Amino acid sequence: MRSSTSMAAASSFSAAFYSGIPLIDLSAPDAKQLIVKACEELGFFKVVKHGVPMELISSLESESTKFFSLPLSEKQRAGPPSPFGYGNKQIGRNGDVGWVEYLLLNTHLESNSDGFLSIFGQDPQKLRSAVNDYISAVRNMAGEILELMAEGLKIQQRNVFSKLVMDEQSDSVFRVNHYPPCPDLQALKGTNMIGFGEHTDPQIISVLRSNNTSGFQISLADGNWISVPPDHSSFFINVGDSLQVMTNGRFKSVKHRVLTNSSKSRVSMIYFGGPPLSEKIAPLASLMQGEERSLYKEFTWFEYKRSAYNSRLADNRLVPFERIAAS
């Protein structure tokens, strides 16, 4: 991968590791209250005792690393993404670029062709099984977390969020990102290059796991960026735009980005839990207090997804769906 002038490099991107990331034990009795607090304050938290077997995580990371170590010409047989497949540097279709290569997969893996899967080796069924097992475990964890959120918010319908990602028609996706070492940075001491530019996730919830290479950052309410210490055995949870809307802005969709490393590669695996395309997204009436007004217009996930994918990464994608307050 060659560097591009479109990929920003600046010393201002550096940030100290932040020790205040909420750490939540999913087996603890107060997990639901801690999750709500984290979603209100940061829109981001780390989970342990998550129930996803380490062998599933290690197996999929190993298969992914094998793929990304292939010659570019072989990897390109799985691309370009339309929308699923292999991509390199280009993020979306609106000019965003980063120091990244990736695989984007449908979570309903049967819809991915054997031709695409066969590039991973002699036994594509092995990969299919590894991906399916991992996605199934992570989806179940996401469902559990969403139900704890509902309980913490004292919503009577415990599955009000989880049913959307557990639905057979759920429009969820799975992404594996590889950020190769960036040798140019060795000559630019004290600087960092953007691997994946700042953005929020449009779905309901994102479940992130990476190897032990740093680079992931989130933005605080005051606009300052903080670095998240990596932990290969835990998962990090992002509140997505759709969940922000459903909670009428009570939960915050977290803005995040990834910086490159001069000497180590970073591999991350992200499950994006989305609702069915026809699902209507709007603030939940059960969360509206007194004369509180809805901050957002109702929209279907299909409408929001189409709008989001026609925008640039850094755009505030919710603006077109906000209600204009009466002056």
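User: Is Glu151 buried, partly exposed or exposed?

Analyst: Glu151 has 27% relative accessibility, so it counts as partly exposed (under 20% relative accessible area is buried, over 50% exposed, in between partly exposed; 1.4 Å probe, protein chains only). This is a predicted model: local features need pLDDT of at least 70, side-chain atom pairs count only at pLDDT 80 or more, and totals for chains, interfaces and linings use all residues. Residues are numbered from 1 along each chain as its sequence is written, and side-chain values use heavy atoms, without hydrogens and water.

User: Which side chain does Glu151 meet in a salt bridge?

Analyst: That of Lys32, at 3.9 Å from N to O (a salt bridge is a side-chain nitrogen of Lys or Arg within 4 Å of a carboxyl oxygen of Asp or Glu). Glu151 lies in helix H5 (residues 124–152) and Lys32 in helix H1 (residues 31–41), so parts 119 residues apart in sequence are tied together. Helices are DSSP runs (H or I, at least four residues), numbered from the N terminus.

User: And Lys32, buried or partly exposed?

Analyst: Partly exposed, with 25% relative accessible area.

User: Other topic: what does Glu63 pair with?

Analyst: Lys66, in a salt bridge of 3.6 Å, N to O. Glu63 is buried at 8% relative accessibility, whereas Lys66 is partly exposed at 43%.

User: How many salt bridges in the whole structure?

Analyst: The search finds 12.

Technical notes:
Helices (H or I, at least four residues) and strands (E, at least two) are DSSP runs, numbered from the N terminus.
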